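Open the model in your viewer and keep the selection tool ready. The tour below goes from one stop to the next and says what to select at each.

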Amino acid sequence: MRRKKELLGILAIRISVLFVLVSLFAVLIFIGLNGLKVLNIGFLFEPPKEGMTKGGILPAIVGSLGLSVGSICFALPLGVLSAIYLAEYAKGKRLIRVIKMGINALAGVPSVVFGLFGLAVFVKFFGFGVSILSGSLTLGILILPTIIRASEEAVLAVPQDFREASFALGASKWQTVRRVVLPTALPGILTGTILGIGRAAGETAPIMFTAATFYQRGLPHSIFDEVMALPYHIYALMTEGTSPQYQVPIAYGTALVLLLLVLGINLVAIIMRTRARRAKKW
Amino acid sequence: MRKNLIERVLPIIASLAWAFLFGIMLILFTEGIPVVKSISPLRFLFGLHWYPVHEPPEFGILPLLLGSFMVTLGAIIVALPLGLGCAIYLSEIARPCIRDITKPFIEMLAGIPSVVYGFFGLVFLAPLIQRIGHLPTGLTGGTASIILGIMALPTVTSIAEDAISSVPRNLREASFALGATRWETITKTVLPAAKSGIFTSAILGVGRAIGETMTVLMVAGGSAVIPSHFFRPVRPMTATIAAEMGEAPMGSLHYHALFAIGLVLFLLTLGLSLAAEWVKEK
């Protein structure tokens, strides 16, 4: 009886893991196979044509890259400085706990609420309009917790000896942070940055009312232009327009490009992390 | 010790997460309040009808609230057992080499953008469920629940795994020494010892599911009625905001009502984040 329970219990756990892995591969393979049918060089480097029924997705790729880079420009300095404060300067467990509570709570805010915030503040109040700038700022706030957490971990992983050696040479606290701690923590910070880019590239709800547009002729010219973006393009192809027989295949292709982009970015981050760990001499 | 300019502003930057939280709350309040002025808060929260474009319009969000709750409940019914199963597998059952292969795949689920999940639900799962259940449409709350469950699973798994693997080794050894089988050790010793962490993982999983937008927007069916059955179309709060913000004229009652929904959503997820912190402290 006990033996049977043991076998059944462990079997149930193995089945649940198998189910999860099968779900993952179902998504990847289903989108991969259908997406490959439309994926070619032209698809990547041409603008959409004839009311979204033909052509490629170049403006959406460019738009997504622009939004990701824009959000990083905003979130990276703030995130790294927050992490430095938390890891190097903040005194008292209580203070650190309160700050971290805010960071965790910010990470839990639904993405569509960020969209509302961006709409009211950046689009309307500051008058940036529906634009790359508004979308980047909105996404920047969204990925801030990711960047802070990764950077803090990287800064904390720098051995205490390094700091003491620097102090022993007469360096000030800030000099030590800038010349010793930050360079040593750089690979970890970069990993966090890359994860943030991946997160920003995949988000749809925050850019729906702040940056994204269904169709654009050519590429955006300035940060005050609205843009097409890969995730929004998938949504738009499935919900707008009148010829699903042409739009759905393009949506498959776009979904595959987005998946490859985001999972590729995550893979780069994982490889960098492993390499950085291996290269450590301390 | 003299501090330079950057060192002086560091504490301000580190408190930005809280500043953004307050900013978001402030915006949602100021933009949402006009609704409560024209209809009472109780009629807003418990009104049975959401007819924003009727004449006269009705703004009762009870169907949307119940839609969100139902979809989230379904998601956690999927995510908790599967996520816990994966966590137990990774920390208690899998050999190290298999664990190192399996874990990145489970983490990969978290990297897939939500719009891709929504797309997959639209083209694959919804037609499947329609056929299996002989339903008029496969776009239902239950369909969304299954996908949201898979999406919330990596959150549940990673936090539950941390909790399970931080259970001290000697507890397990004591259990084995008493002649318990592996399954008995897991269910009667390890899981009870890790229960606060597992509870945290469930709370954060719920937070993830209730705030998810694109999947429910694309898959849940979109009809704003009190859900009568698991596999009927519903319209959760996030989907309502995302679907209607584009059409609501700026400054109209409808526009403000959508911000008020955002406020309800924000307060719910903030409550969940703080509850998770509180359980973690215990």
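**Stop 1: a pocket**

Sorted by class, the residues lining the second largest pocket are 13 nonpolar, one polar and no charged. Here Ala, Val, Leu, Ile, Met, Phe, Trp, Tyr, Cys and Pro count as nonpolar, Asp, Glu, Lys and Arg as charged, and the others, Gly among them, as polar. This is a predicted model, in which local features need pLDDT of at least 70 and side-chain atom pairs count only at pLDDT 80 or more, while totals for chains, interfaces and linings use all residues. Residues are numbered from 1 along each chain as its sequence is written, chains are lettered from A and ligands numbered from 1 in the order in which they are written, and side-chain values use heavy atoms, with hydrogens and water left out.

The pocket holds about 280 Å³ of space. Select A:Phe19, A:Ser23, B:Phe120, B:Leu125 and B:Ile146, which are the closest to its centre of the 14 lining residues. A pocket is an open set of points on a 1 Å grid over the protein atoms alone, where a 1.4 Å probe fits, with protein on both sides within 12 Å along at least five of seven lines; lining residues have an atom within 4 Å of a point. The volume is the space filled by probe spheres set on the points, which are joined across faces, edges and corners. Helix α1 of chain A and helices α6 (114-133) and α7 of chain B each supply at least two lining residues. Helices are DSSP runs of H or I with at least four residues, strands are runs of E with at least two, and both are numbered from the N terminus.

**Stop 2: B:Phe119**

Next select B:Phe119, and leave aside its neighbours within four places in sequence: among its contacts are A:Ile31, A:Met238, A:Tyr252 and B:Met218. Contact means heavy atoms within 4.5 Å.

**Stop 3: A:Ser136**

Move to A:Ser136 in helix α6 (residues 132-156) of chain A. Is A:Ser136 buried or exposed? A:Ser136 counts as buried because its relative accessibility is 6%. Buried means under 20% relative accessible area, exposed over 50% and partly exposed in between (1.4 Å probe, protein chains only). Beyond neighbours within four places in sequence, A:Ser136 is in contact with A:Gly66, A:Leu67, A:Gly70 and A:Ser71.

**Stop 4: two loops of chain B**

Select B:Glu55 and B:Pro56, which are joined by a cis peptide bond with omega about -5 degrees. B:Pro56 is in the loop between β1 (50-51) and β2 (58-59) of chain B.

Last, select B:His134, in the loop between α6 and α7 of chain B. B:His134 is not a glycine, yet has a positive phi of about 50 degrees. With a relative accessible area of 72%, B:His134 is exposed.
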